[in-house]
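Me: I have a structure open and would like to talk it through. Can we start with the cavities and then move on to other things?

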Amino acid sequence: MHFGLRANLVQVLHHLLQVLLVGMTIGMMRNVVPALAESEFGVPRGSFMLLVAFVVAFGFVKGAMNFVAGRLAERIGRRRVLLIGWAAALPIPLLVAWAPSWGWIVAATVLLGVNQGLTWSMTQTAKLDLTRADQRGLVIGLNEFSGYVGVAIAGVATGYAATWLGPRQGLLWVGMAVIGLATVLAWQAVVETLPWAQAEAKGHAAVAAAAGLRPRYPTGVSAHPTTGELFALVSWKDRRLAALCQAGLVEKFVDALVWVFWPVYLHQQGVSLPGIGWIVGVYGFTWGGAQFFTGRLSDRIGRHGLNVAGMWLCGAGVALLPLGSGSLWWSTSAAVAGLGMAMLYPNLSAAVADIAHPTWRASAIGLYRFWRDLGYGLGALGLGAAAVLGGRIETAFSFVAVAMFLSGAVLWRWGEETHPRLNPAPAVSIDLAGDNP
């Protein structure tokens, strides 16, 4: 089997198209639904905790599905998990179109969490299977670039579709087109990549040595670790992985804020639905587009500095948005937050992949994504509580900005550079890792 972007270009492109459609699936729920929660779906004005309920449900479900996806993918394969994820998404447009109450939106978002946890995890894992260790930053950057450009495109598209067709019909037709196309392509064009991961695991020591790479794998891990062993390792036993997980969890506070309160805040300021789509889209387009470069940059200069600086820059963008007014100010603030997110988002995942052994890498990524996407649920609860205690929506912006600064400080203190070329393990450890990862 051959590894690398060029050797597997066709399948890499198929998975990039898949993650674009995954991003569009969540993007269609991030503009119209929260902005019209009061007028269209009956959420009372000022009911902050009720408003965040659908993102809380999404976060906990998606986090759990990430965990399940990683273990399941090592047993039944990546492609089957991807197809299960798309099957879960098929009822979403119908639930939203016919929703008589906000409870139906929460139910649709539960299915969205299942879909996103299974499909996004598999597009990332599959591309890591196909490519080399020295391409991980680029690969994850491409993956997240494609996904979050999809989020931004769908946010703008649903804004216009809701204006032309009505909110329910607009979401129905956009959703059916995106999810239907993705399901057909996953069935017809995507191949199983588990054999690549198995081949890498058998020969990883020789391949790494030939490339001059000596990853710093965690020590004392059994050859075939149990789920409990891996959960403890990723969550707290290995301080580097724990630092990455807490940073991933907190950065999702930003995305929860963008999803729930940015559209509501901008709608209260008199911005139209297409206008909200474009301002929030600046965040998504900047995040997505810059990842094309920041992922590759981390392969050259390392992950750690980009991750820490990205946490702080993203928090600064969040803090700036409610401090001014007008589309130019809001768009600039969104761009700052998006750039910070682009610096950290692919490179937190790449750092986990750097130090996860090939035999349990899918599980490690799934566990990292479990903690990361719990940040949607915990962050949304924090946003609602902050808005209630402060009596206004702007308090939630301050809550997220402070959390990002503190989390970045923890990452700086506990983390380290993980790129195997820039911070290699001692020469003897690569041999030991071949027999006992």
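This is a predicted model: local features need pLDDT of at least 70, side-chain atom pairs count only at pLDDT 80 or more; totals for chains, interfaces and linings use all residues.

Me: Ok, and what volume does the largest cavity have?

Reply: The volume of the largest cavity is about 110 Å³.

Me: Which helices supply at least two residues of its lining?

Reply: Three helices each supply at least two residues of that lining, namely α9 (136-165), α13 (239-268) and α14 (273-301). The largest share comes from α14, which gives 7 residues to the lining of the largest cavity.

Me: And how does the lining of the largest cavity split by class?

Reply: Sorted by class, the lining of the largest cavity has 8 nonpolar residues, 6 polar ones and 2 charged ones.

Me: What lines the second largest cavity?

Reply: Its lining includes R240, A243 and L244, along with R303, H304 and N307, and also E416 and E417. The elements that give two or more residues to this lining are α13 and α15 (304-320), and α13 gives the most, with 3 residues. By class, the lining of the second largest cavity has 4 nonpolar, 4 polar and 4 charged residues.

Me: New topic: is R361 buried or exposed, and why?

Reply: R361 counts as buried because its relative accessibility is 2%, and the cut-off for buried is under 20%. This residue is found in helix α17, which covers residues 361-390.

Me: Which residues does R361 touch, leaving out those up to four places away in sequence?

Reply: With those left out, R361 touches E74, L128, D129, R136, E200, A353 and A356.

Me: Zooming out, how many helices and strands are in the chain?

Reply: The chain has 19 helices and 0 strands. Its radius of gyration is 21 Å, close to the 22 Å that the globule rule gives for 437 residues, so the chain is as compact as a globular protein of that length.

Me: And what share of the residues counts as buried?

Reply: Of the 437 residues of the chain, 62% count as buried. As for contacts between residues at least 6 apart in sequence, 86% of them join residues at least 24 apart.

Technical notes
Residues are numbered from 1 along each chain as its sequence is written. Side-chain values use heavy atoms; hydrogens and water are left out. Helices (H or I, at least four residues) and strands (E, at least two) are DSSP runs, numbered from the N terminus. Buried means under 20% relative accessible area, exposed over 50%, partly exposed in between (1.4 Å probe, protein chains only). Contact means heavy atoms within 4.5 Å. On a 1 Å grid over the protein atoms alone, a cavity is a set of points where a 1.4 Å probe fits but cannot get out, and a pocket is an open set with protein on both sides within 12 Å along at least five of seven lines; lining residues have an atom within 4 Å of a point. Grid points are joined across faces, edges and corners, and a volume is the space filled by probe spheres set on the points. Ala, Val, Leu, Ile, Met, Phe, Trp, Tyr, Cys and Pro count as nonpolar, Asp, Glu, Lys and Arg as charged, and the others, Gly among them, as polar. The radius of gyration is taken over C-alpha atoms; the globule rule is 2.2 Å times the number of residues to the power 0.38.
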